[in-house]
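Please keep the structure in view while reading.

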Amino acid sequence: MSNPGCKEKQGVTIDRILVAALEVFSESGLEGARIDEIAKRAGVNKAMLYYHIGGKEALYSEVIHQIVHHAAESIAKNIIETAAPEEKLMTYIRNIAGIVKENPKIPKLILRELISGGKNYTEPAIQDIIRILKIVSGILQEGEKKGVFIETIPVIIHMMTLGVFGFLSISGPLRARFAFPKEIKMPNSQVAVEEFEKLVLRSIQQESTEQKLLNP
């Protein structure tokens, strides 16, 4: 009979390894990361790391998978089926923004991986990306059927969302080092979310009958 306490302890150990790995991989990339450093930050020895996860490449792929899986689970959990399409779309945007704000190391790692051609994405990670795109697609299609959205390509909305909040996070240290003119508004994370929501909704909302009469 399995020991629940042992399983819980094992889960905590794996979580610590994945958190430490995300930090090191985001700082050094796959090639520059060292297993010794990951084990040190996780508070485990190398043998335990290899036992729980495997080698460096396997660990890197698992970190990528966990990032995407967490995003898919978070979005699916927080979308309220009875909500209006506009509210569902804003929930999706807020979830992406929240994940990036919660862990700013994620955009750096994902950007590194995309530059490399995404060669370390596993099939489960790809399936989670497809799951997210299906959620976005479902929201947009529902909006089209209800006459509130124009026809829109879901992957464009997804890329826009990732790009805005990813680059906002990555550029944080740069923006903090320099004084920008007042006319160049540098939004905080909350303002960025609100402004992006407005821009997306304005770009895909169907014109009302009154608007069509005013803009023949």
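**Overall fold**

Among contacts in the protein chain between residues at least 6 apart in sequence, 70% join residues at least 24 apart. The model is a predicted one, and its protein chain holds 11 helices and zero strands.

*Chain and surface*

- Read from the N terminus on, the elements of the protein chain follow the order α-α-α-α-α-α-α-α-α-α-α.
- Taken along the principal axes, the box filled by the C-alpha atoms of the protein chain is roughly 70 × 55 × 30 Å.

*Helices α4 and α7*

- Helix α4, covering residues 56–78, and helix α7, covering residues 123–145, have axes that come within 9 Å and cross at roughly 25°.
- Because angles under 35 degrees count as roughly parallel, α4 is described as roughly parallel to α7, and the crossing of the two helices, α4 and α7, is left-handed.
- On the α4 side the contact is made by His-65, Val-68, His-69, Ala-71, Ala-72, Glu-73, Ile-75 and Ala-76, and on the α7 side by Pro-124, Ala-125, Asp-128, Ile-129, Arg-131, Ile-132 and Ile-135.
- Sorted by class, this contact of α4 with α7 comprises 10 nonpolar, two polar and three charged residues.

*Helices α8 and α10*

- The axes of helix α8 (residues 154–170) and helix α10 (residues 189–204) come within 11 Å, crossing at roughly 160°.
- Since angles over 145 degrees count as roughly antiparallel, α8 and α10 are roughly antiparallel to each other, and α8 passes α10 in a right-handed crossing.
- From α8, the residues Ile-157, Met-160, Thr-161, Val-164, Phe-165 and Leu-168 meet Ser-189, Ala-192, Val-193, Phe-196, Val-200 and Ile-204 of α10.
- The contact of α8 with α10 has, by class, 10 nonpolar and two polar residues, and no charged residues.

*His-158*

- His-158 is found in helix α8, and with a relative accessible area of 9% this residue is buried, because buried means under 20% relative accessible area.
- Leaving aside residues up to four places away in sequence, His-158 touches Tyr-92, Ile-96, Ile-132 and Leu-133; one of these, Ile-132, is also among the α7 residues that make the contact with α4.

Technical notes
Residues numbered from 1 in each chain as written. Predicted model: local features only at pLDDT ≥ 70, side-chain atom pairs only at ≥ 80, totals over all residues. Heavy atoms only, no water. Axes fitted to C-alpha atoms, helices over the stretch in contact; angles between N-to-C directions. Helix = DSSP H or I, 4+ residues; strand = E, 2+ residues; numbered from the N terminus. Parallel < 35°, antiparallel > 145°, perpendicular 65-115°, else oblique. Left-handed = near helix turned anticlockwise from the far one by under 90°. Contact = heavy atoms within 4.5 Å. Nonpolar A, V, L, I, M, F, W, Y, C, P; charged D, E, K, R; others polar. Buried < 20%, exposed > 50% of the residue type's maximum accessible area, 1.4 Å probe, protein only.
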